[in-house]
Amino acid sequence: MNRLEKNQKNKKGLSLQFLVAAIMIMISLILILVLSVFFINRYVQNITESALRNSEQVVSQTAATIDNIKEQMEIRMELLVQEVGHCSSQEEAQKYMDNFSEMQQDVAGVYIYDYQGDILIHGKNGQNIKGYDIKNLSYAEELFSSNEKIILSKPHVQSCYVNYYPWVVTMAMKVDVDYLSEACYVVIDYQFSSIATYIDNVGVGQRGYCYIIDRYGDIIYHPKQRLIYVGVAEENMDVVAKLKNGEALLSTDIYCKQEIDNGQWNIVGVSYVNELIELQVKSFRLFVMLIAAVSIVLSILSSAIVSRRVSHPVRCLVKAMKEFERNAEAFEYQSENSIQEIKSLSDSFSHMVFMIRELLQRIKQEEISLRKTELKALEAQINPHFLYNTLDSIQWMCERGKAEEAVEMIGALAKLFRISISKGRDLITIRNEVQHAENYLKIQKFRYRDEFVYSLEFDEEILDYYCNKITLQPIIENSIYHGIDTEIETGEIVIRGCRDGNDIIMQVKDNGQGMTEEQAATILQKERSDDSGIGLKNVNDRIKIYFGETYGISIDSELDYGTTISIRLPIVRSEEDYRSER
Amino acid sequence: MKGKCKKIVGVLVALLLLLSGCAEQEGYEKSYIAVIPKYAHSDYFREVAKGVNIAAIEYSVTTSFEGAKNEEDYQTQNDLIDRAVEAGADAIVLSAIDYNKSVESLEKAHKAGVKIISIDSGVNFDDVYQTIESDNYETGKQAAEEMLSLRRGEVKVGIVNFDKNSANGIERERGFRERMEQEERVTIVDAINTVSNVSEATDEVVEMLQAHADINSMVAFNEFTSLGAGYAVKELQLGNQVDVVAVDNSIPSIGMVETGEIDKLLVQNPFAMGYLGIESAVNAIKNVEPTQKHVYTSALVVDRNNLYDVDSQRFVFPFD
């Protein structure tokens, strides 16, 4: 392949197969991408939504439970205070408190303090009060001096017993009893471990936990408070502070807050969604990629199938056309069974091929015919018999001393040949053609003398038009030899030419022996077998080739009466008209 | 061509269904982590258990917590390791009694694809995913510092350590000794290794104190040794003469801080170890690269003054 062909190949454009495959793959990829992005987003949204709901539920449930516990604590507190108030003596109160302490499992200690926080009475709980001066964590002055009806401390370690340090929350109420000199506090240390354990065991979502804060955002209890203290774990307190009651918030993780008891305590739930989401999204993404892969494979397969069905017949057609281009004559075309449109294309192509071949054949034939006739015309210019006879006549005239007649005959002969040749042109003026005929007739008249007479009648106007050369002469020759030669009577040849609409009619009429219908028919078909010049067929063929099928020779003859040969030609005003068309 | 296409499509669809089925299953099974402490019933390890539980709830994993009969019994620990592997544990969190003698069991576990996390006391095994412990060397050094701060003048030390083969004990003593070597006024008079039993430990310390009356400071490196030292001081009524620096978390030790037998208590963070142990195991199971091979938990120094600070409370006193 040289460079030109290579360039052409590149510029040919995309192959159909490639185009179909590419489009199908692109469409399915775009679809998959869009759908999967959409679904992943929805999915993530759903997971997040449900995680938020779950958080809210868990936190609200936890809050409710703890609220309940607190309420119970308060109820018992009030009951205790009531009872202690009803006691008439300190011993009675002591007994009651011992009982209370024993019966209530979650009470780590029950006391009556004085205003300085010293223990006046304490319920027996099987532990020993420390003998030495201790820091009693169950008493906090600022807390106890508040005006709240029931005082609740933050969780702390109970410090007043020997080797007994449970975590408690301290609840206290002021009381005024007769048997004690001053008003004081009834204090219960409730075990905090049950609340702590409950909080510890609250899991939120796939990964999460709860903790308790006060209204200022300080941690009351956190399952990981040991870690927070050393900085191993952190809590995002800013986010939590912004939360309103009952609200769930999603920043990077889900935070949810629920109030207890007017916000004295708040439950905060923390849940990590990202890992959960990531895990699900990862497996979803894998799934989607798999589908995408399968889809691509399917697209390729199906596009291959489709394009085969479409492009294969197209390619066959293309190949066939190329082959036809290369070698039109030897081409054989079989149309294949395929898609409707392609089939119709190939059928049309098939017809076209047929027609082109027919046309090619016809042109070839016409070319051959034309060459043949031209060849013949050329040959006719040097008709040996005619020449021989004429020269013979001239010789005879010269021998007889008829010089003038000889000169005339020689002149006519010269003019005849001059026009015959006509510098190789095919078309000459009708004037010249008539002269050619006249010269011929003159010469023949010399030979045949009184055997015939002739007349030429041509309209002035048509003389400047053009016609094929050597049109009249063969016809006249025909008339002389077949019409006159055999007759005894004087023959008469009339040659006429006139206009007929857009055509020209030239006629050669004789009163010779005429011919039968069969002869008339065949005379235009057969080639003259002898060398005696161009025949009528030749003239007819040339006219038809040059001007078309509607023109040419027609014969009207009656046996023994005569023949009229009519030549129909178109009006040709100049040589160029017909030359260019050819 | 058509038949071939159909076959290929069929195979692909089947593959698709299979994979989607697998993908579904992935997220739903909880991992199982076996925690093997030295001894499950000491206060210290009960705190470890608390940390383990909190982490287990937060990370949605199942755990087991079972230790040996005492803090010398490494054989039971090895049995527990083997049993955990058979039970299909995804990870083992181990506080090794013996630095060397559990390596074989651990190797078997590692080959079976079980992740190994070491807490509290290290083990001589390279394929441990992460080790979480108090910086034992630092603890020893810190104990030395505290001891030096208790008195001016000469310091005559008695060291009370536990099982010779425990890594953390070895490290703590090393840290202590190396710090003390820098001080001219310090003499290490005696060093004993006691068993993990309070009354026996107490007896051994009493013996040491009686043998070396010049000891004016003692350092004890774990719960049993600390309690032993404390009780011994109580018994011999040497509370005012002998400074005791102890490394422990137990309630009686705290009581002794209040009553004066123990002067400085280095409280560790077993809760953190338990929690971080599980967190580390979860990461190991997910094949996350560990950010550090060693994670150190810090200790808090507690004495009579700061014992009841709010934050100290949270750190020191366990929930029950």
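Reply: Here is the sheet first, then its chain, the chain contact and a second sheet.

This is a predicted model, in which local features need pLDDT of at least 70, side-chain atom pairs count only at pLDDT 80 or more, and totals for chains, interfaces and linings use all residues. Residues are numbered from 1 along each chain as its sequence is written, chains are lettered from A and ligands numbered from 1 in the order in which they are written, and side-chain values use heavy atoms, with hydrogens and water left out.

Start with chain B. An open sheet of 6 strands runs in the order 2-1-3-4-5-11, with parallel pairing. Strands here are DSSP runs of E, at least two residues long, and helices are runs of H or I, at least four residues long; both are numbered from the N terminus. Two strands pair if DSSP finds at least two bridges between them. The edges of the sheet are strand 2 (62-65) and strand 11 (294-297) of chain B, and each pairs on one side only. Neighbouring strands are turned by 15 degrees against each other on average, direction ignored. Axes are lines fitted to C-alpha atoms, for helices over the stretch in contact; angles run from 0 to 180 degrees between N-to-C directions.

Strand 3 (residues 91-94) and strand 4 (residues 115-119) of chain B run parallel, joined by 4 bridges. In this pair, B:V93 stands opposite B:I117.

B:E133 stands opposite B:Y296 of strand 11. B:Y296 is on the uncovered face of strand 11 with B:H294, whereas B:V295 and B:T297 form the covered face.

What lies across the sheet? Helix 10 (residues 270-285) of chain B lies across strand 1 (32-36), strand 2, strand 3, strand 4, strand 5 (130-134) and strand 11. Helix 10 runs at about 160 degrees to strand 4 of chain B.

Step back to the whole chain. Chain B has 11 helices and 12 strands. Of its 320 residues, 56% are buried, meaning under 20% relative accessible area; exposed is over 50%, and partly exposed lies in between (1.4 Å probe, protein chains only). Take contacts (heavy atoms within 4.5 Å) between residues at least 6 apart in the sequence of chain B: 73% join residues at least 24 apart.

Chain B also meets chain A. The contact takes 40 residues from chain B and 46 residues from chain A. About 4,000 Å² is buried between them, with carbon and sulfur atoms giving 67%. Buried area is the accessible area (1.4 Å probe) that two parts lose on being put together, summed over both. The count between the chains is 1 salt bridge, a side-chain nitrogen of Lys or Arg within 4 Å of a carboxyl oxygen of Asp or Glu. The side chains of A:K224 and B:E58 meet in a salt bridge at 3.1 Å, N to O.

Finally, a sheet in chain A. This open sheet of 5 strands has the order 13-15-16-18-17 and mixed pairing. Strand 13 (452-458) and strand 17 (552-558) of chain A are its edges. Strand 13 and strand 15 (residues 491-500) of chain A pair in the parallel sense over 7 bridges, with A:L456 opposite A:I495. Helix 12 (residues 430-448) of chain A packs on this sheet, touching strand 13, strand 15 and strand 16 (503-510).
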